[in-house]
Amino acid sequence: MTGFTRFSYCLAGLLLAVPAALAEQPESPYFGPHMWNDGWHGWFFGPIMMIVFLAIAVVVILLLMRWLGPHSQGAAHHHPATKAPLDILKERFARGEIDKEEFEERRRVLGD
């Protein structure tokens, strides 16, 4: 038997033995079914606390989404202004992608 298998058997034995040992302890007058010991208030405070917990969880999630999300304040998303075709043509000419004749021809076609 490997060490891991032996360890997993010991862990399983502990996990089964601890609840059994706790169940065999004598019952104390201070412990028991808590909802019924002090009357009916558990029936009312339980759902209220669950609603409060869920509301807090939703608020935290919304704040995290706002903090981690895009930083627009309700404004429409504006795309950056695109370059004019003539500007692109000038950049291509400056980089040497096109020669002077092609630059002049395309500039005339663009209407400038």
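This report covers the helices, the surface and the salt bridges of a predicted model.

## Basis of the model

The model is predicted, so local features need pLDDT of at least 70 and side-chain atom pairs count only at pLDDT 80 or more, while totals for chains, interfaces and linings use all residues. Residues are numbered from 1 along each chain as its sequence is written, and side-chain values use heavy atoms, with hydrogens and water left out.

## Overall make-up

The protein chain holds five helices and zero strands. Both kinds of element are DSSP runs numbered from the N terminus: helices are H or I with at least four residues, strands E with at least two. Read from the N terminus, the order is α-α-α-α-α.

Of the 112 residues in the protein chain, 4% count as buried. Buried means under 20% relative accessible area, exposed means over 50%, and partly exposed lies in between (1.4 Å probe, protein chains only). The protein chain exposes about 10,600 Å². Carbon and sulfur atoms supply 68% of that area. Accessible areas come from the Shrake-Rupley method with a 1.4 Å probe; for residues, only the protein chains shown count as cover.

## Packing of α4 and α5

Helix α4 spans residues 85–95 and helix α5 spans residues 100–110. They pack at an angle of about 180°, with axes 10 Å apart. That angle makes α4 roughly antiparallel to α5. The cut-offs are under 35 degrees for roughly parallel, over 145 for roughly antiparallel and 65 to 115 for roughly perpendicular, with the rest oblique. Axes are lines fitted to C-alpha atoms, for helices over the stretch in contact, and angles run from 0 to 180 degrees between N-to-C directions.

From α4, the contact (heavy atoms within 4.5 Å) uses P85, L86, L89, K90, R92 and F93. From α5 come K100, F103, R106, R107 and L110. By class, the contact has six nonpolar, no polar and five charged residues. Nonpolar covers Ala, Val, Leu, Ile, Met, Phe, Trp, Tyr, Cys and Pro; charged covers Asp, Glu, Lys and Arg; the others, Gly among them, are polar.

The whole structure has five salt bridges. Each is a side-chain nitrogen of Lys or Arg within 4 Å of a carboxyl oxygen of Asp or Glu.

E102 pairs with R106, their closest N and O atoms 2.8 Å apart. These two are four residues apart in helix α5, about one helical turn. E102 is partly exposed at 26%, and R106 is partly exposed at 36%. R107 bridges to E104, again with closest N and O atoms 2.8 Å apart. Both lie in helix α5, three residues apart, about one turn. R107 is partly exposed at 27%, and E104 is partly exposed at 22%.

Salt bridges that share partners join R92, R95 and E97 into one network. E97 and R95 meet at 3.0 Å, N to O. E97 is partly exposed, at 46% relative accessibility. R95 counts as exposed, at 53%.
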